[in-house]
Amino acid sequence: MGWLSDIGNAVSSAAGAVGDAVEGVVDTVTDTVEDVVDTVVDGVQDGLGWANGWLCRNAGNIGCRIGNVVLGGISGLLEGVQDIVDKALDIVNDVGGLLGALLRGDLAGFIGKLGDIILNAVELVINIVRFVTLGTLIGGIRDAWQAEDLRRFVEQLVNERFASNPPQLARVRGRLGLNDVSWGLPLAATHKVFRLDSATAPLWQWHQDERLDLYAMAGLISFDSFNIRRKRTMVRVTNADGTIESSLPINRWSLAHYIDSNGAEGRIRVYALTPDAVKDFVQVTIAKFKKLGIKLNWNDGGRFEYFARNTVHDISTLEEFNFDRRQLGQYLLSSGLRTDPSSEQCNMLALASFGLVEGLGQTAGRNIREGSNATPCNNTPERNDSCCISVNFRTGSGVIYHDEWPVNIFRYVLAHEGGHYVGLCHFGHDGFQNIMFTPEESAGLSYADWGLFRYYLDNEPGFTLDDGKNVWRFLVAEMARCLDEPGADSGPVIL
Ligand SMILES: [Zn+2]
């Protein structure tokens, strides 16, 4: 019967090639337009922010606040337009994915994409209503106002914290741009995608044992599982020694031959995330962290990088494939991902895993106490969020997360874990409008909250001004070295 399935796989591969082509073209076009729109709007917003900063430094408090209202309002309107255009492009992109899935015979993927289209259409309507009823305008004014509040807060905090060491204070102020018009902590961040290679892991065996479904992970027609909540994984074929990897999606023919030959024919690699998904997560964190006064500088996930290969972390065991998040701190050390607990703090490491035994994500290297357990809090007694967080230098620091469908809800997971990394906890973050909200029952948070009104202004979950202040209380206490010039002698790190 081998020849019969060969014919089936060949037909499926031919139709799939058309599907891949359609999806690829639509993807490239929408990505390019979206990148252009986002870059232009961000550029204009940065300009408005700069002008606002200049007014606040030079035009007195009244001039500053008038600037917040006028320039912040314009910035908010622009963002409203950007939200609408981006959402419309997302829908076009989803339609491309829908057609691709259909041509590959991937019914589960097709239904998943249909769900994405419906969710994005609902969000598009909400975005239009927000724009027309001036929600984005008011949101922009509030953002500009709060950005100035945070700047004043941070300036005072830094001046107090480093008062005893004038040269260090000067360095920190310079690095944060507190002497200039625009400010923020430049924080490096490294993203790594988990990758499996058939040369080091018996993927065909795992497939036959139903530990995973390679066809589904490749977005191909699968008779082994039917999961519409598909993660954005990717399968690629390489040459025998792994030096050349195809940039095209694998077809059913190649994958079937690898599996049916018990791994003897062909070599494949499986990625936990596609480059598009990496970019999505990374860009969300950059946008969200701006509100904390932190400028994330990622190694991957930039705009206009269509042919870039993502940085990977190769794994080869089922334990790593189904990661136990409680082991993260230890794993970071034992796998060599982290070696120097003190200086590594200034580069946030994020791992995109295939999945976790339970939960959406995890942050390691932070001692987190919250609620009634948060007091006394010796390192940051002035925190006002019933959280107490310190760096745990005995283990590796970093975050791990995984993709989850639907994207509209779960694209904030990396930003959430990053929030823990820079010193936030769950307590008090009721409501989905908070990035630090968690649906985990142990946290005891409710989905809805009066603050949901903020969702109308923000459109998306976000960090609050209080989050920003508490992050900076944590940073000056626990990550002061990262505020200083790299290589400067910032004094001893307390272990
Ligand atoms: Zn959390």
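Modeller: Before we look at any residue, one cut-off: a residue counts as buried when its relative accessible area is under 20%, as exposed when it is over 50%, and as partly exposed in between. The model here is predicted.

Biologist: Where is Arg230 found, and is this residue buried or exposed?

Modeller: Arg230 is found in the loop between helix H7 (214-217) and strand E2 (234-238). Its relative accessibility is 17%, so Arg230 counts as buried. The side chain of Arg230 is joined to that of Asp106 by a polar contact of 3.0 Å.

Biologist: How do I check the length of a helix, for example H15?

Modeller: The expected span of a helix is 1.5 Å times one less than its number of residues. Helix H15 (residues 465-478) has 14 residues and should therefore span 20 Å; its end C-alpha atoms are 20 Å apart, which agrees. Helix H2 (residues 60-103) can be read in the same way. With 44 residues, H2 reaches 62 Å from its first C-alpha to its last, close to the 64 Å expected.

Biologist: How many residues of H15 are buried, and which are they?

Modeller: H15 is mostly covered, with 10 of its 14 residues buried. Among them are Leu465, Trp472 and Phe474. The list also includes Asp467, Asn470 and Arg473.

Biologist: Which residues form the nonpolar patch on the surface?

Modeller: The patch is formed by Val36, Val40, Val44, Phe304, Tyr306 and Phe307. Together they have about 590 Å² of accessible area. One of them, Val40, is found in helix H1 (residues 2-58).

Biologist: Which residues coordinate the zinc ion, and through which atoms?

Modeller: A donor is an N, O or S atom within 2.8 Å of the metal here. The zinc ion is coordinated by the NE2 atoms of His416, His420 and His426, at 2.0 to 2.1 Å. Along the chain, the donors follow the spacing H-x3-H-x5-H. His420 is buried at a relative accessible area of 6%, and His426 is buried at 13%.

Biologist: How many salt bridges does a search of the whole structure find?

Modeller: To read one, look for a side-chain nitrogen of Lys or Arg within 4 Å of a carboxyl oxygen of Asp or Glu. The search finds 32 salt bridges in the whole structure. In one of them, Asp484 pairs with Arg171, and the closest N and O atoms are 2.7 Å apart. Asp484 lies in the segment after helix H16 (480-483) and Arg171 in helix H5 (residues 166-176), so the pair ties together parts that are 313 residues apart in sequence.

Biologist: Are Asp484 and Arg171 buried or partly exposed?

Modeller: Asp484 is buried, with a relative accessible area of 1%. Arg171 is partly exposed, at 25%.

Biologist: Where do the side chains of Arg325 and Glu358 lie, and what do they form?

Modeller: They meet in a salt bridge of 3.2 Å, N to O. Arg325 lies in the loop between helix H10 (318-321) and helix H11 (328-334), and Glu358 in the loop between strand E6 (347-353) and strand E7 (361-364), so the pair ties together parts that are 33 residues apart in sequence. Arg325 is buried, at 10% relative accessible area, whereas Glu358 is partly exposed, at 39%. In another salt bridge, the side chains of Asp385 and Arg383 meet at 2.9 Å, N to O. Both Asp385 and Arg383 are buried.

Biologist: Which residues are linked in a network of salt bridges?

Modeller: The network links Asp197, Glu245, Arg267 and Arg269. Asp197 lies in strand E1 (residues 185-197) and is buried, with a relative accessible area of 6%. Its side chain makes a polar contact of 2.8 Å with the side chain of Arg267. A polar atom of the Asp197 side chain also lies 2.8 Å from the backbone nitrogen of Ala199.

Note on methods
Residues numbered from 1 in each chain as written. Predicted model: local features only at pLDDT ≥ 70, side-chain atom pairs only at ≥ 80, totals over all residues. Heavy atoms only, no water. Patch = residues over 30% accessible without salt bridge, like charges linked within 9 Å, V, L, I, M, F, W, Y side chains within 5 Å. Areas by Shrake-Rupley, 256 points an atom, 1.4 Å probe, with all protein chains shown as cover. Helix = DSSP H or I, 4+ residues; strand = E, 2+ residues; numbered from the N terminus. Donors = N, O, S within 2.8 Å, 3.2 Å for Na, K, Ca; no water. Buried < 20%, exposed > 50% of the residue type's maximum accessible area, 1.4 Å probe, protein only. Polar contact = N/O pair within 3.5 Å; in protein donor to acceptor, adjacent residues only side chain to side chain.
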